[in-house]
Amino acid sequence: MSETTGSQLPISGRESATRSTSQVKGVWIALASSAAFGISGSFARGLFEAGWSPTAAVAARMAGAAVVLAIPAILAMRGRWVLVRTNWLSILLFGLFGVGACQLCYFLAVQRLDVGVALLLEYLAPVLIVLVLWARHQKRPSAATIIGTLLSLLGLVAVLDLTGASSIDPIGVLWGLGAAVGLTVYFFISAKVDGALPPIMLSAGGMAVGAITMVLVGSLGILPMTFAAGSGSFAGFQTPWWAALIGLILIATVFSYTTGVMAARELGSKVASFISLTEVLFAVLWAWLLLAELPGLVQLFGGLLIVAGVVLVRVDELRAVRKER
């Protein structure tokens, strides 16, 4: 009896250490994903100045990412193509809502609202996730989760520095909320899809579905699809369109989406979504480095609030896991 018990303790300790290491790794992966997502605006600005329409930029971004991810995805799926058949609905929903609709709704919101307001509406996704989980499990979020939610949202307001008067267009608000729904779907599918399906396959499939969706949107005339061979300003230099497009595809799409899926699997949808709020902070930092836009004290304070909110949600998650055991 004593030998059996003694042999189980080290195993339990090793499992706990492995789980802890996995969680730490997940946080770093999530932060790397947010940093890559945050630079997308800088790359996109170069394309817009070169004469590209938002629809064309998003379609090219997704199509290019799907092509880049195709070979690694095929290699990862050798002998496991049955997983695509069993997860086809998740891949389809991921591409339609988590990738295509999310970005499409965001750009439509930007056409009617200030960029900051549109981004704030999109990042109501963590609040939607908490509400969905609350409704599904009929269990009110703990005080830590509620406080963390409020702190993160207040931090977003500060980071975005929404101190000026902004005109609010009701239709634009609806598009912004649509982007939030798309982002919510992105996190839920990333965390709940069959763990045996390689993240790179989910990303590649989602990008392909998203690209096809955007092409249909442009072909039907819902949004203009304009390509151009001009140049735009990037980091103080005139940059050709292809340089901005390569950065948008490889860094802000291939790397960011793949690591985002990996982080959601390691941390779960709720924690991963809250860490993704740091994308706004990273976007401000990239703008400072690449566009010489120095963040103010209010924005830095907002970043601290975001971190505080993420920590509270993370502590709450760990406490819930311990109680379940």
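The questions and answers below go through a predicted model of one protein.

Residues are numbered from 1 along each chain as its sequence is written, and side-chain values use heavy atoms, with hydrogens and water left out. Local features need pLDDT of at least 70 and side-chain atom pairs count only at pLDDT 80 or more, while totals for chains, interfaces and linings use all residues.

Q: How many helices and strands does the secondary structure of the protein have?
A: Helices (H or I, at least four residues) and strands (E, at least two) are DSSP runs, numbered from the N terminus. By this rule the protein comes to 14 helices and 2 strands.

Q: What percentage of the residues in the protein is buried?
A: A residue is buried under 20% relative accessible area, exposed over 50%, and partly exposed in between (1.4 Å probe, protein chains only). The protein has 325 residues, and the buried share of them is 47%.

Q: Which residues have the most contacts inside the largest nonpolar core?
A: A nonpolar core is a set of buried Ala, Val, Leu, Ile, Met, Phe, Trp, Tyr and Cys residues joined through side-chain atoms within 4.5 Å. The largest one has 78 residues. Helix 11 (residues 241–267) gives the most to this core, with 11 residues. The residues with the most contacts inside the core are Trp52 and Phe94.

Q: Is Trp52 buried or exposed?
A: Contact means heavy atoms within 4.5 Å. Not counting residues up to four places away in sequence, Trp52 touches Leu47, Ala57, Ala60, Thr226, Phe227, Ala228, Trp241 and Leu245. Its relative accessible area is 7%, so Trp52 is buried.

Q: What kind of pair do the rings of Trp52 and Phe227 form?
A: Rings of Phe, Tyr and Trp (its six-membered ring) pair if their centres lie within 6.5 Å; planes under 30 degrees apart count as stacked, over 60 as edge-to-face and the rest as tilted. The count by this rule is 2 aromatic pairs. For Trp52 and Phe227 the centres are 5.1 Å apart and the planes are at 75°, so the pair is edge-to-face.

Q: How many residues apart are Trp52 and Phe227, which the pair links?
A: Trp52 is in the loop between helix 2 (40–49) and helix 3 (54–76). Phe227 is in the loop between helix 10 (199–219) and strand 1 (231–234), which puts the two 175 residues apart.

Q: Which residues is Thr239 in contact with, leaving aside its neighbours within four places in sequence?
A: Thr239 is found in strand 2 (residues 237–240). At 15% relative accessibility it counts as buried. Its contacts are Ser231, Gly232, Phe234 and Ala244.
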